[in-house]
Amino acid sequence: MALKKPYSSENSRQSDIVPLKDGITALLRAYRLQGKLNEVTVVASWEKVMGKAVAMKTQQVYVSNHKLFVRLSSAPLKHELVMAKTQVLANLNAEVGEDIIKEVVFL
């Protein structure tokens, strides 16, 4: 007959195991960092979403109050992107998976 231990550290640790993704999500929610992380993701994915040609003409990209501000060095490109503003907005929000950006401003 095998002896049972009244308390086994192995069993209690296994019940406390949380998948890494769930742990990170809970941490971001607890510290209210998810929104800021999504804004950083939008800025970081600018080149991926818009392409290398547009990224080369981009001087600055930043987010403030759910608005994406993009400073461009090419006036014709700025005009073209203003005409396609809704598509740019949709593509960026699709990349993040949430509606983070409400408006795009080309400078």
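Does Tyr62 count as buried, partly exposed or exposed? At 32% relative accessibility, Tyr62 counts as partly exposed. Buried means under 20% relative accessible area, exposed over 50%, and partly exposed in between (1.4 Å probe, protein chains only). Phe69 has 17% relative accessibility, so Phe69 counts as buried.

The model is predicted: local features need pLDDT of at least 70, side-chain atom pairs count only at pLDDT 80 or more, and totals for chains, interfaces and linings use all residues. Residues are numbered from 1 along each chain as its sequence is written, and side-chain values use heavy atoms, without hydrogens and water.

A search of the whole structure finds one aromatic pair. Its partners are Tyr62 and Phe69, and the pair is stacked. The centres are 5.1 Å apart, with 15° between the planes. Rings of Phe, Tyr and Trp (its six-membered ring) pair if their centres lie within 6.5 Å; planes under 30 degrees apart count as stacked, over 60 as edge-to-face and the rest as tilted.

Three strands form an open sheet in the order 1-2-3, with mixed pairing. The edge strands are strand 1 (58–64) and strand 3 (103–106), and each pairs on one side only. Strands are DSSP runs (E, at least two residues), numbered from the N terminus. Two strands pair if DSSP finds at least two bridges between them. Strand 1 pairs with strand 2 (residues 67–72) in the antiparallel sense, over six bridges. Ser64 stands opposite Lys67 in strand 2.

Methods:
Helix = DSSP H or I, 4+ residues; strand = E, 2+ residues; numbered from the N terminus.
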